[in-house]
Structure formats: C-alpha cells, structure tokens
Amino acid sequence: MKKSVITASLSIALAASALPALAQSQGDWTLGIGVHQVNPKSDNGTLAGGTLPLDIDSDVKPTITFEYFLRDNLGLEVLAALPFKHDIAVDGVGTVGSTKHLPPTVSLQYHFNSKGKVSPFLGAGLNYTTFFSEDTQGALEGVDLKLEDSWGLAAHAGIDFKISDRGSIRVDARWIDIDSDVKADGVKLGTANIDPLVYGAAYVLKF
C-alpha cells in the first residue's frame, strides 16, 4: 500500500514534468489546512539485543503547512501538526507503552504546471521529530520510558487540484526517516525504526 501510493504520486509528477511550467510567482505563499495519517513501516526494529520486535501503530491528526516561493515554481514549505500519539507493542508481549510526537519538516519542492487545473509537485527536505509524554503499561508498567528525538531526511510528492483562482485541494504523501533510541530507566534497550509514510489531503489557499 505504501509503495503503491508513492509510486503513483511520483509517476504522475514525473509525467507532468513534460508540461509547460506555468509560473507560481516568486514571493507568493500558501497556507494548507488538512488531515494526515502517520503510518509507521511494518518492521519497527527490536529491543533487548534483537529479541523483542517492536510494533508501532498509526495515528491521524490535523496538519498545517506554509510555503513560500523562492522562485517561480520553487517553494520552501514548513509542515506542522497537532501531536500524534502511537501505541508501542512488543510482539508476543502486547502493548507496553505509548508516546506522542511532533514531526516538523522543512522541504524544498518544485511545482509542475503550477497554474494549471492539475499541478503535481516533488520535494525533499529535513525532518526533526521530538517525542514526549511517554507512558508505560503491561510488561513495562512503572518503567521510565524515553524515546530520543530524531533528525532525518524526508521526501514529499503530491498533486494540487485547482478549484478556484486561490484555492486547491491537495492529496500528498511523505516518507520520513525517523529512528529513535529507546531507553528504559536511562538504559538503552534498542532503536525504534519508525520511517513512516504520511499521507492525506488538505485545502491549500494561495496568497
């Protein structure tokens, strides 16, 4: 499912690169309000020397983006969101805790056919994810659980469907490299390899 979404978005965007690149003017900026799901990959790493496979679930929250166009068609975007919450489970043991995180991401992205009715775009950037409000239960009840913050690369692809001179509906997908050291009572247990696909839709208003 994840690979098919990314492949479809990239294929459409690359095909659209052959279209005339009608300028999204330098100095313009946009505001996007949407809803996105953070869906961690299926293999989330292991704890205790590889003996305890992790499973981190997905969550859906409202998101907001700001994009400023440095040049025609070339924008710098910042992604923010309400905190996402994920349950953390160990295979064979069950749910052992939960955490919240914020994943602000900065991306440089190019918009193809930006004044057309359909405008694909591609982007790449940097993500910083901060984890907080960790909680424990079950086998880790009472343990001081901590997930360390993460820096990683991010890729972004999507399509804007123009519905007015200033408004568009956007569908998009991101891949974010998120790896976090997991500690219990200050002792490192292993690394959570989250690396989620973030996908959803938004209303984008141009100023």
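## Confidence of the model

The mean pLDDT of the chain is 89, and 89% of its residues reach 70 or more; pLDDT is the predictor's confidence in each residue, on a scale from 0 to 100. This is a predicted model, in which local features need pLDDT of at least 70 and side-chain atom pairs count only at pLDDT 80 or more, while totals for chains, interfaces and linings use all residues. Residues are numbered from 1 along each chain as its sequence is written, and side-chain values use heavy atoms, with hydrogens and water left out.

Over residues 1-10, the model has 12 contacts beyond four places in sequence, a contact being heavy atoms within 4.5 Å. Over residues 12-22, where pLDDT also stays under 50, there are 19 such contacts. Where pLDDT is low, the predicted coordinates should not be read in detail.

## Overall fold

The chain contains one helix and 15 strands; these are DSSP runs numbered from the N terminus, with helices (H or I) of at least four residues and strands (E) of at least two. Among contacts between residues at least 6 apart in sequence, 66% join residues at least 24 apart.

Of the 207 residues, 42% count as buried. Buried means under 20% relative accessible area, exposed over 50%, and partly exposed in between, with a 1.4 Å probe and protein chains only. The accessible surface of the chain comes to about 9,900 Å², of which 61% belongs to carbon and sulfur atoms; such areas come from the Shrake-Rupley method with a 1.4 Å probe, and for residues only the protein chains shown count as cover.

## The largest pocket

The largest pocket has a volume of about 260 Å³. Of the 19 residues that line this pocket, Gln-24, Ser-114, Asp-160, Ser-168 and Lys-206 are the closest to its centre. Strands E4 (59-71), E11 (150-162), E12 (167-176) and E15 (197-206) are the elements that give two or more residues to the lining, and the largest share, three residues, comes from E12.

A pocket is an open set of points on a 1 Å grid over the protein atoms alone, where a 1.4 Å probe fits, with protein on both sides within 12 Å along at least five of seven lines; lining residues have an atom within 4 Å of a point. Grid points are joined across faces, edges and corners, and the volume is the space filled by probe spheres set on the points. By class, the lining has two nonpolar, nine polar and eight charged residues; Ala, Val, Leu, Ile, Met, Phe, Trp, Tyr, Cys and Pro count as nonpolar, Asp, Glu, Lys and Arg as charged, and the others, Gly among them, as polar.

## Strand residues and their contacts

Ser-150 lies in strand E11 and counts as buried because its relative accessibility is 2%. Leaving aside neighbours within four places in sequence, Ser-150 is in contact with Asn-127, Tyr-128, Thr-129, Asp-177, Ile-178 and Asp-179.

Thr-95 is found in strand E7 (residues 94-102) and counts as partly exposed, at 32% relative accessibility. Beyond four places in sequence, Thr-95 is in contact with Asp-87, Ile-88, Ala-89, Gln-137 and Gly-138.

## Positive phi angles

Most residues other than glycine have a negative phi. Ser-133, in strand E9 (residues 118-136), has a positive phi near 55° and is partly exposed at 46% relative accessibility. Asp-195 has a positive phi near 35°; this residue is in the loop between strand E14 (187-193) and E15, and counts as buried at 13% relative accessibility.
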